[in-house]
Amino acid sequence: MTTTRRSSGPADPPSPAGPAGPADPPGSAGSAGSSTVVPAGSPGADGARLAGRSLLRIGPVSLLIRRRAVLVAAVLTVLLLLAVVLSLSLGTPYVAPADVLRALSGAGTPYDLVVFDLRLPRVVLAAVAGAAFGVAGTLIQSVARNPLASPDVIGITQGAGLAATVALTSGMAAVLVAPTALVGGLLAAAVLFALGARHGLAAQRFVLAGVAVAFAFRALTEVVMLTADPIDGLRAQIWLIGTLAGKGWTEAAWIAGTLLVLLPVLAWAGWALNSTALDDDTARGVGLRPVARRIGLAGTGVLVAAMVTAQVGAVDFVALVAPQVARRLVRAERPPLVCAALLGALLLVLADLAGRRLFAPTQLPAGVLTAAIGGPYLIFLLLRGRRRSS
């Protein structure tokens with residue numbers, strides 16, 4: 001979605017055509033306070049320039065909406081709701097989907113305890129955490145201009161993992177593990193920005209600095225685990241894999257609260273992402289500040305990534321896979337923010353469900369299943385890049 005502003009000041013050209021195309025038809029958004037949707041190919045839109053898009057005009061503001069993105073978002077929302085109902089239904093005891101829906105509607109069923117107390121907190125956490133991973137991955141990949149960039153590649157996950165490992169192996173209270181991991185993720189982000197800030201946080205330098213930070217923090221984590229008590233080391237290893245077991249409303253509230261606080265910033269980011277493909281000279285030529293935008297987008301992405309990693313552990317590959325799969329579904333030039341969030345939520349809900357049920361009664365951490373998804377995806381990217389180069 002792209003936002004443009006129309007001005008009626010003296011600088012406007014005498015032509016009646018606005019920035020969105022030819023003159024407004026009678027009864028359209030030409031008058032203040034009115035709104036209209038102009039589909040591509042209509043008399044009020046430039047069909048060649050707005051192919052596959054609709055222009056929503058609200059007074060002086062125009063919103064360019066990609067219709068395929070809206071359709072994909074609607075389909076992903078339906079699939080996410082179905083996955084949530086399926087996750088609430090499957091298990092011991094089995095709850096029929098009709099009973100799940102009745103319980104959620106407040107009608108009262110014998111399965112209310114199972115649905116609301118045992119399963120719903122974990123499912124909500126999976127959806128919220130997956131959405132946060134999708135948002136973080138979209139922002140970081142757009143700044144890095146690299147489909148392989150994600151929080152687990154540029155060192156944010158490793159910084160949080162090191163801090164959590166120190167907390168878990170030093171006898172620190174369990175309630176302090178998540179705040180400590182958050183501090184570790186933000187510390188890794190500070191090191192990343194310090195190394196990559198030269199030359200305006202250039203994409204290649206940003207990624208290389210992130211890889212260096214990731215290796216350094218991973219090595220320190222291994223040193224801490226090798227010198228720790230074996231039981232504490234095992235606890236740290238489970239955290240590093242990433243699991244939703246034993247977690248629920250508290251962790252979901254922290255992640256959702258972070259997203260809500262950052263909602264105005266994320267709304268700006270959805271618009272600012274349109275300019276990330278421009279080189280610096282072109283961006284400055286159209287009146288943008290590319291360095292400030294990159295820092296703002298990257299800072300928001302690493303903050304979201306650090307928070308969600310601190311709450312659910314190092315669940316790898318969701319932030320890597322969701323943005324690029326969403327981009328291919330929408331057929332866009334950059335990862336779409338909303339679709340990536342919905343796809344991340346869907347992936348993590350399904351991964352947690354598979355981890356609970358595939359080898360029941362043994363439960364696999366969600367991070368194991370997401371890694372099983374991410375491995376083939378990386379191979380696909382490598383093969384795709386190889387075919388393009390040849």
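On the surface of the chain, L71, V75, V78, L79 and L82 form a nonpolar patch with about 450 Å² of accessible area together. Patches are built from residues with over 30% relative accessible area and no salt bridge, where nonpolar side chains (Val, Leu, Ile, Met, Phe, Trp, Tyr) are joined within 5 Å and like charges within 9 Å. Accessible areas come from the Shrake-Rupley method with a 1.4 Å probe, and for residues only the protein chains shown count as cover.

The model is a predicted one, in which local features need pLDDT of at least 70 and side-chain atom pairs count only at pLDDT 80 or more, while totals for chains, interfaces and linings use all residues. Residues are numbered from 1 along each chain as its sequence is written, and side-chain values use heavy atoms, with hydrogens and water left out.

The chain has 15 helices and four strands, which are DSSP runs numbered from the N terminus (helices H or I, at least four residues; strands E, at least two). Of its 390 residues, 48% are buried, and the chain exposes about 18,500 Å², of which carbon and sulfur atoms supply 69%. Among contacts (heavy atoms within 4.5 Å) between residues at least 6 apart in sequence, 69% join residues at least 24 apart.

T221 belongs to helix α7 (residues 203-226) and is buried, because its relative accessible area is 2%. Leaving aside residues up to four places away in sequence, T221 touches Q158, G161, L162, T165 and L240. T300, which lies in helix α12 (residues 290-312), is buried as well, with a relative accessible area of 8%.

A search of the whole structure finds four salt bridges, each being a side-chain nitrogen of Lys or Arg within 4 Å of a carboxyl oxygen of Asp or Glu. The table lists some of them.

| Salt bridge | N to O distance |
|---|---|
| R122 and D352 | 2.9 Å |
| D232 and R235 | 3.4 Å |
| R356 and D352 | 3.8 Å |

In the pair R122 and D352, whose side chains meet in a salt bridge, R122 lies in helix α3 (residues 112-144) and D352 in helix α14 (residues 337-357), so the pair ties together parts that are 230 residues apart in sequence. Both R122 and D352 are buried. R356 and D352 both lie in helix α14, four residues apart, about one turn of the helix, and both of these residues are buried. Through salt bridges that share partners, R122, D352 and R356 are joined into one network.

D232 and R235 both lie in helix α8 (residues 230-241), three residues apart, which is about one turn of the helix. D232 counts as buried because its relative accessibility is 19%, whereas R235, at 39% relative accessibility, counts as partly exposed.

Conventions. Buried means under 20% relative accessible area, exposed over 50%, partly exposed in between (1.4 Å probe, protein chains only).
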